[in-house]
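Take a look at the model first, then go through the notes.

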Amino acid sequence: QVQLVESGGGLVQAGGSLRLSCAASGSTFSISAMAWYRQAPGKQRELVAVISGGSTTYYADSVKGRFTISRDNVKNTMYLQMNSLKPEDTAVYYCNVGYYSSTYLSSGYWGQGTQVTVSS
């Protein structure tokens, strides 16, 4: 099993920045790709960004050019640098692990989520 713990959320004004972290523990040798999802109130959870084991990245169109995903395999930690934040980025952000080739397939392991609130 894999345990995932997110941190770094908070309240920020539009145009500001935040850096989210996701620390993985447990059977980390089984981790291939890692991803960030988000869920806004009343909306479905959506895929935000993915990083493969070989550091290939994918971004949703809504965050492309503003968010950067990265990972430190020694620390088993993934990051999401979020710049130029907009009120529509307000959501609970979740860490996930899975597999990535041309599409991302979740393994089913989720963190507890971290709240990001962007004020206008």
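## Serines and rings

Serine 84 has a relative accessible area of 41%, so it counts as partly exposed (buried is under 20%, exposed over 50% and partly exposed in between, with a 1.4 Å probe and protein chains only). Bear in mind that this is a predicted model, where local features need pLDDT of at least 70, side-chain atom pairs count only at pLDDT 80 or more, and totals for chains, interfaces and linings use all residues. Residues are numbered from 1 along each chain as its sequence is written, and side-chain values use heavy atoms, leaving out hydrogens and water.

**Positive phi**

- Serine 84 isn't a glycine, yet its phi is positive, at about 50 degrees.
- You'll find serine 84 in the loop between β8 (77–82) and β9 (91–100); strands are DSSP runs of E with at least two residues, helices are runs of H or I with at least four, and both are numbered from the N terminus.
- Serine 55, also not a glycine, has a positive phi of about 70 degrees.
- The loop between β5 (46–51) and β6 (57–59) holds serine 55, which is partly exposed at 45% relative accessible area.
- For background, most residues other than glycine have a negative phi.

**Aromatic pairs**

- How many aromatic pairs turn up in a search of the whole structure? There are three, where a pair means rings of Phe, Tyr or Trp (its six-membered ring) with centres within 6.5 Å, called stacked with planes under 30 degrees apart, edge-to-face over 60 and tilted for the rest.
- Tyrosine 37 and tyrosine 104 make a tilted pair, with 6.3 Å between centres and 55 degrees between planes.
- Tyrosine 37 is buried at 13% relative accessibility, and tyrosine 104 is buried with a relative accessible area of 13%.
- Tyrosine 37 also pairs with tryptophan 110: the centres are 4.9 Å apart and the planes sit at 65 degrees, so this one is edge-to-face.
- Because tyrosine 37 is in strand β4 and tryptophan 110 in strand β10, the pair ties together parts 73 residues apart in sequence.
- Tryptophan 110 is partly exposed, at 33% relative accessible area.
- Tyr37, Tyr94, Tyr104 and Trp110 belong to one aromatic cluster.

**Charges over rings**

- Arginine 45 lies over the face of tyrosine 94, 3.7 Å from the ring centre (the criterion is NZ of Lys or CZ of Arg within 6 Å of the ring centre and within 35 degrees of the ring normal).
- Arginine 19 has its charged end over the ring of tyrosine 79, 4.0 Å from the centre.
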